[in-house]
Amino acid sequence: MLEINDKLRLVLSDIKNISNLLKFDILVVGAGARILVFDTQYNIEGRATKDLDFAVKVNDWNNFESFSVQMTQGNNARFKRTRVEHKFIHISTNLEIDIVPFGAIAQPSQILEWSDGNQMSLLGLNEAFSTAKIINIDGLELKVVNPYALLVLKLIAWNDRQEIKDLEDINFILKNYSDDERILVELLNEITQEVIEYQDGGIFLLGQDIRRTFNETIISKLQQILQRILQNQDRLFSRLISRINEEDWDAQFDAIAYRFQIFKKAIEYNL
């Protein structure tokens, strides 16, 4: 059972209670999932976050409005609305909460259009939900997106909104994910034949998990996004590097570029 700080537990508990009441499935995504998977389980600290992201599985906009109303107007309401339809403030902690509806509401295009005209791609969320792990968090059982599905959602989110925090989380996962047992079992031939280096095994596993789980439309989209990132790496990756230790700036840049190159190769490689 995971142990987390009081603020995060309170938010998770309040969201869980609402989803239980309305019988809607909820999925922890975004930085919250990264915190639960890496910061807590791997004991590795990523970037700080002041917002948490959730996906709620609903059939239509009426379902989503019911969820929003329960959050903000129910008995002892724990959240308040903002000017953005899918963003809320958790009153007790002042944390910003992003609630994205998915499921039948976005069929068949997987594009969600908000009332202000803004569009949001929901590609990958159905697969992320079906492959999510149930994690016991201080007694709360929640579905949390797994690392490879989180990478997919982060890449699609970056493509939508161009926020550097998404690239920070992608780089963090690529840098820190590892599973020695799986590497030695699943990638032994590729390592022996020098197709990949052992040190790149974690990234390769993530790419292969994505390749096995997501359909060709999503795989093709990810390839396009990664190509776009690599084509603009001078501008993008420089923003991921601390200016405190300038003497190893080039080495840090090269390491980031290498991770993304290996990741693209891993998604494209057919084991």
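Which handedness does the crossing of H1 and H3 have? Select both helices to find out.

**Before you start**

This is a predicted model, in which local features need pLDDT of at least 70, side-chain atom pairs count only at pLDDT 80 or more, and totals for chains, interfaces and linings use all residues. Residues are numbered from 1 along each chain as its sequence is written, and side-chain values use heavy atoms, with hydrogens and water left out. Helices (H or I, at least four residues) and strands (E, at least two) are DSSP runs, numbered from the N terminus.

**Stop 1: H1 and H3**

Select residues 6–22 for helix H1 and 61–73 for helix H3. Their axes come within 10 Å and cross at roughly 130 degrees. That makes H1 oblique to H3. Axes are lines fitted to C-alpha atoms, for helices over the stretch in contact, and angles run from 0 to 180 degrees between N-to-C directions. Angles under 35 degrees count as roughly parallel, over 145 as roughly antiparallel, 65 to 115 as roughly perpendicular and the rest as oblique.

The crossing of H1 and H3 is right-handed. A crossing is right-handed if the near helix is turned clockwise from the far one by less than a right angle, and left-handed if anticlockwise.

Now show side chains. Ile15, Ile18, Ser19, Leu21 and Leu22 in H1 meet Ser66, Phe67, Gln70 and Met71 in H3. Contact means heavy atoms within 4.5 Å. By class, this contact of H1 with H3 has six nonpolar, three polar and no charged residues. Ala, Val, Leu, Ile, Met, Phe, Trp, Tyr, Cys and Pro count as nonpolar, Asp, Glu, Lys and Arg as charged, and the others, Gly among them, as polar.

**Stop 2**

Most residues other than glycine have a negative phi, and most peptide bonds are trans. Go to lysine 23, in the loop between H1 and strand S1 (26–29). Lysine 23 is not a glycine, yet has a positive phi of about 60 degrees. Next, pick proline 108, in the loop between S5 and strand S6 (111–113). The peptide bond from glutamine 107 to proline 108 is cis, with omega near -5 degrees.

**Stop 3: the largest pocket**

Centre on Asp98, Val100, Met120, Ala157 and Arg161. Of the 33 residues lining the largest pocket, these lie nearest its centre. The pocket holds about 670 Å³ of space. On a 1 Å grid over the protein atoms alone, a pocket is an open set of points where a 1.4 Å probe fits, with protein on both sides within 12 Å along at least five of seven lines; lining residues have an atom within 4 Å of a point. Grid points are joined across faces, edges and corners, and a volume is the space filled by probe spheres set on the points.

Colour H5 next: seven lining residues come from H5, the largest share. The lining divides into 14 nonpolar, five polar and 14 charged residues.

**Stop 4: H5 and H10**

The crossing of H5 and H10 is left-handed. Among the H5 residues that meet H10 are Leu155 and Trp158.
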